[in-house]
Amino acid sequence: MNSKIKNVIQTLNTDVLSSERKMVLQPLIDFISQKKSENKPIRINFICTHNSRRSHLGQIWAQTMSTHYKVANVTTYSGGTETTAMFPKVAEILMDQGFHVKKLSETNNPVHAILFDDNSHPIIAFSKKYSDNFNPVSGFAAIMTCSHADGNCPFIAGAEKRIPITYEDPKLFDNTDQQHEKYAERSLQIATEMKYVFSNI
């Protein structure tokens, strides 16, 4: 884990989470704990409508926290109900917070390699449907990160558990003076909640 990300993680205060929010996160803790106790792969797919912002942040921070807290056999994924592209501001915020982001392709839907540690496999990030063959087909927890996807996808094929953990969309602040601040805030909110989850395994 690189030192800048370690420092970010140390500053995250899980005590700010309300008891109501902890109840929202508990099913994910239970899913991971059960898989760990059974020594089975822990697959977590973060799902949002466009797979462009919140779902990527969930995937990246969950994988980072699983490594930080030495929870083995965790692989995180992300997907949408439709395909767009990872929004550029997400990559910018992640770099600000210590990640190395390498763009591997120059297309309308570029592929990014995101690293939190020089010695770990990169997280491959690009927009895709949750059912894309890049994602697991069974035995995974589907984390619904936006209310639109949660409401419009009552059934996720192959999901062992479906868990709504929704976040306000930072897209609401695009093209405003608050854009950078709100994307950073959302990333750190998700990071704090994933810290809470993995520190309780």
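Is Asn51 buried or exposed? At 0% relative accessibility, Asn51 is buried. The legends below describe close-up views of a predicted model.

Figure 1. With 63% relative accessibility, Asn39 counts as exposed. Asn51 counts as buried, since its relative accessibility is 0% and the buried class covers values under 20%.

**Figure 2. Helix H3 packs against helix H6 (residues 179–199).** Two packed helices are described by the angle between their axes and by the distance between those axes. For H3 and H6 the angle is about 40° and the axes are 9 Å apart. The two helices are therefore oblique to each other, and their crossing is right-handed. On the H3 side, the contact is made by Arg54, Leu57, Gly58, Trp61, Ala62, Met65 and Ser66. H6 contributes Ser187, Ile190, Ala191, Met194, Lys195 and Phe198. Sorted by class, the residues in this contact of H3 with H6 are eight nonpolar, three polar and two charged.

**Figure 3. Helix H4 (residues 88–96) also packs against H6.** The angle here is about 65°, and the axes of H4 and H6 are 10 Å apart. H4 and H6 are therefore roughly perpendicular to each other, the class that takes in angles from 65 to 115 degrees. The crossing of H4 and H6 is right-handed. Lys89, Val90, Glu92, Ile93, Leu94 and Asp96 form the H4 side of the contact, and Gln179, His180, Tyr183, Ala184 and Ser187 form the H6 side. Five residues of this contact between H4 and H6 are nonpolar, three are polar and three are charged. Ser187 of H6 is listed in the contact with H4 and in the contact with H3.

**Figure 4. Lys89 is a residue of helix H4.** Lys89 is buried, as its relative accessible area is 12%. Apart from neighbours within four places in sequence, Lys89 is in contact with Gln179, His180 and Tyr183. How far apart in space are Lys89 and Val137, C-alpha to C-alpha? The distance is 30 Å, and the two residues are 48 residues apart in sequence.

**Figure 5. The rings of Phe87 and Tyr183 form a stacked pair.** A search of the whole structure finds three aromatic pairs. In the pair of Phe87 and Tyr183, the ring centres are 5.8 Å apart and the planes stand at 25°, so the pair is stacked. Phe87 lies in the loop between strand S2 (74–80) and H4, whereas Tyr183 belongs to helix H6; the two are 96 residues apart, and the pair links distant parts of the chain. Phe87 counts as partly exposed, at 24% relative accessibility. Tyr183 is buried, with a relative accessible area of 1%. Tyr183 is also one of the residues that Lys89 contacts.

**Figure 6. The rings of Phe126 and Phe134 form an edge-to-face pair.** Their centres are 5.1 Å apart and their planes are at 75°, so the pair is edge-to-face; that class requires planes over 60 degrees apart. Phe126 is buried, with 14% relative accessible area. Phe134 counts as partly exposed, at 40% relative accessibility.

**Figure 7. Helix H1 (residues 3–11) packs against H3.** The helices meet at an angle of about 90°, with their axes 12 Å apart. H1 and H3 are therefore roughly perpendicular to each other. From H1, the residues Ile5, Val8 and Ile9 meet Trp61, Thr64, Met65 and His68 in H3. The contact of H1 with H3 holds five nonpolar residues, two polar ones and no charged ones. Trp61 and Met65 of H3 take part in this contact with H1 and are also listed in the contact of H3 with H6.

Note on methods. Residues numbered from 1 in each chain as written. Predicted model: local features only at pLDDT ≥ 70, side-chain atom pairs only at ≥ 80, totals over all residues. Heavy atoms only, no water. Buried < 20%, exposed > 50% of the residue type's maximum accessible area, 1.4 Å probe, protein only. Axes fitted to C-alpha atoms, helices over the stretch in contact; angles between N-to-C directions. Helix = DSSP H or I, 4+ residues; strand = E, 2+ residues; numbered from the N terminus. Parallel < 35°, antiparallel > 145°, perpendicular 65-115°, else oblique. Left-handed = near helix turned anticlockwise from the far one by under 90°. Contact = heavy atoms within 4.5 Å. Nonpolar A, V, L, I, M, F, W, Y, C, P; charged D, E, K, R; others polar. Phe/Tyr/Trp six-rings, centres within 6.5 Å; stacked < 30°, edge-to-face > 60°.
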